[in-house]
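Subject: Structure handover

Hi there,

Here is the structure I promised to pass along.

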Amino acid sequence: FGEVIPWARVRQRGREKLKDPGRSLSRAVSIFYISAFCLLFLRDFQWQALALAVAVPLAGAFTTGFLPRLFPVDKLLLSLTNFLCALGLLVLYDTNPTYAYHQSIYYFVGLAAMVVCIYLIRVGRSFRLLVWPMMLLSLVLLVLPLFIGKETYGAKNWFYVGGISVQPSEIVKLTLIIVISRFMADRRLIPWLGFSVACLGVLMLQADLGTALLYYGVALMLYFASSGNPVLMLCGIGGGVGAALLGYQKFAHVKKRVAIWLDPWSDYDNAGYQLIQSLMAIASGGVLGVGLGLGSPTTIPVYHTDFIFSAIGEELGMLGCLAVLLLLAAIIVRCLMVARKARNTTESYVCVGVAAVLIFQTISNVGMCLFVLPVIGLTLPFFSYGGSSIVTLFAAMGMVSSVQSHSLPDWLR
């Protein structure tokens, strides 16, 4: 009888490995990624393609193979995240290898930030000791662009450190989620509301209306998750519409963006050029796309950031766009599933907040690429070029993954 129990455990572990979707997805991602970059190497014979073909799959293997030996993590969530980021690197490399090289560095930094956040959740789940210092540091960081920042496309929300651009509002998104989650769990209105209003006020001073609307939407969704009151939710939406109208009246660059959105052909060679090229790129891609390396996405002025979804549409077609949206939807659903199984209210709200960020950014970015919404400068999660964005997103995935590991029964940890 004593020999039967160890053999049963071995068989049980074998069945768990076979049922592990994260492991299978990680292997499929590695095979796809290596094959794609080897083909790109055969096209251009540039060493960067081979370097990325080796480095990125190794990083993915680290997150789904080696990292679980150190911390309990959500392999499926991290595999989906790696797949999206790898696909984004592939599209960036196809259009501009320099962007892909820089983005891969941000990807590795993001993995480090993810590990830190996994440990942060494990050590201080309730954030009782961390929340007040985080609020102070975040407000200081958010205010810095007003004094040392550089205005870009009408908004003064960047500053440079050693030649590297930093967007504090991307980093402070995590603090906003943590602060609101912590105080909502304690039913304390004033601290999280005051912090949210302060952040929104600074963003309005920076003329960053897109990020302000994102912050407002995340706070509103978390409040609805906490209260479940649809009347207050509708009132909040009305307040958001009013704030957007106020921003439209106050900022000249917002008025210009809305005017071009309504009639891009009125200034085709200048302000409307970007929107029209975006539509033409998606239309030329059709259902299956023209193929990687065969399109002309670089005709879109900011194809690598705000309009990378249009580049995907041209080269991978409607099916490629649908695959991207389904992968993003899978990550969002996974975050909400983890929120339902979280062991305490704070962690549950953190997962809802991360899902809210992904929802608002995806809808806003895809909407402006498809000419449904005006351009507000929000990036497509895990795809758009940018260090602050990709590092923040990986840190958020680390928090959700850590919450998932704590939600498991003790015998599965």
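**A buried glutamine to start with**

Gln277 is buried, with a relative accessible area of 10%. Buried here means under 20% relative accessible area, exposed means over 50%, and partly exposed is in between, with a 1.4 Å probe and protein chains only. Gln277 belongs to helix 12; helices are DSSP runs of H or I with at least four residues, strands are E runs of at least two, and both are numbered from the N terminus. Setting aside neighbours within four places in sequence, Gln277 touches Tyr268, Thr299 and Ile300, where contact means heavy atoms within 4.5 Å. From the C-alpha atom of Gln277 to that of Thr64 is 39 Å, and the two residues are 213 apart along the chain.

Before the rest, a word on how to read the values. This is a predicted model, in which local features need pLDDT of at least 70 and side-chain atom pairs count only at pLDDT 80 or more, while totals for chains, interfaces and linings use all residues. Residues are numbered from 1 along each chain as its sequence is written, and side-chain values use heavy atoms, with hydrogens and water left out.

**Salt bridges**

How many salt bridges does a search of the whole structure find? The search gives three, a salt bridge being a side-chain nitrogen of Lys or Arg within 4 Å of a carboxyl oxygen of Asp or Glu.

- Asp74 and Arg334 join their side chains at 2.8 Å, N to O. This pair links distant parts of the chain, 260 residues apart: Asp74 sits in the loop between helix 3 (47–70) and helix 4 (75–95), and Arg334 in helix 13. Both residues, Asp74 and Arg334, are buried.
- Lys173 and Glu170 also meet at 2.8 Å, N to O. They are three residues apart in helix 7 (residues 168–185), so about one helical turn separates Lys173 from Glu170. Lys173 and Glu170 are both buried.
- Asp186 pairs with Arg182, with the closest N and O atoms 2.6 Å apart. Asp186 is partly exposed at 29% relative accessibility, whereas Arg182 is buried at 4%.

Gln404, in helix 15, is in contact with Asp74, Arg334, Val338 and Lys341, leaving aside its neighbours within four places in sequence. Gln404 counts as buried, at 6% relative accessibility.

**Aromatic pairs**

There are 11 aromatic pairs in the structure. Rings of Phe, Tyr and Trp (its six-membered ring) pair if their centres lie within 6.5 Å; planes under 30 degrees apart count as stacked, over 60 as edge-to-face and the rest as tilted. The rings of Trp192 and Tyr223 have centres 6.0 Å apart and planes at 40°, so this pair is tilted. The pair links distant parts of the chain, with Trp192 in helix 8 (residues 189–205) and Tyr223 in helix 9 (residues 209–227), 31 residues apart. Trp192 is buried at 7% relative accessibility, while Tyr223 is partly exposed at 27%.

For Phe382 and Phe394, the ring centres are 6.1 Å apart and the planes stand at 90°, so this pair is edge-to-face. Phe382 is in the loop between helix 14 (345–369) and helix 15 (387–407) and Phe394 is in helix 15, so the pair ties together parts 12 residues apart in sequence. Phe382 and Phe394 are both buried. Separately, Tyr99, Tyr106, Tyr303 and Tyr385 form one aromatic cluster.

**Cysteines**

A search of the whole structure finds zero disulfides, a disulfide being a pair of cysteine sulfur atoms within 2.5 Å. Cys85 is buried at 1% relative accessibility, whereas Cys235 is exposed at 52%.

Happy to talk any of this through.

Best wishes
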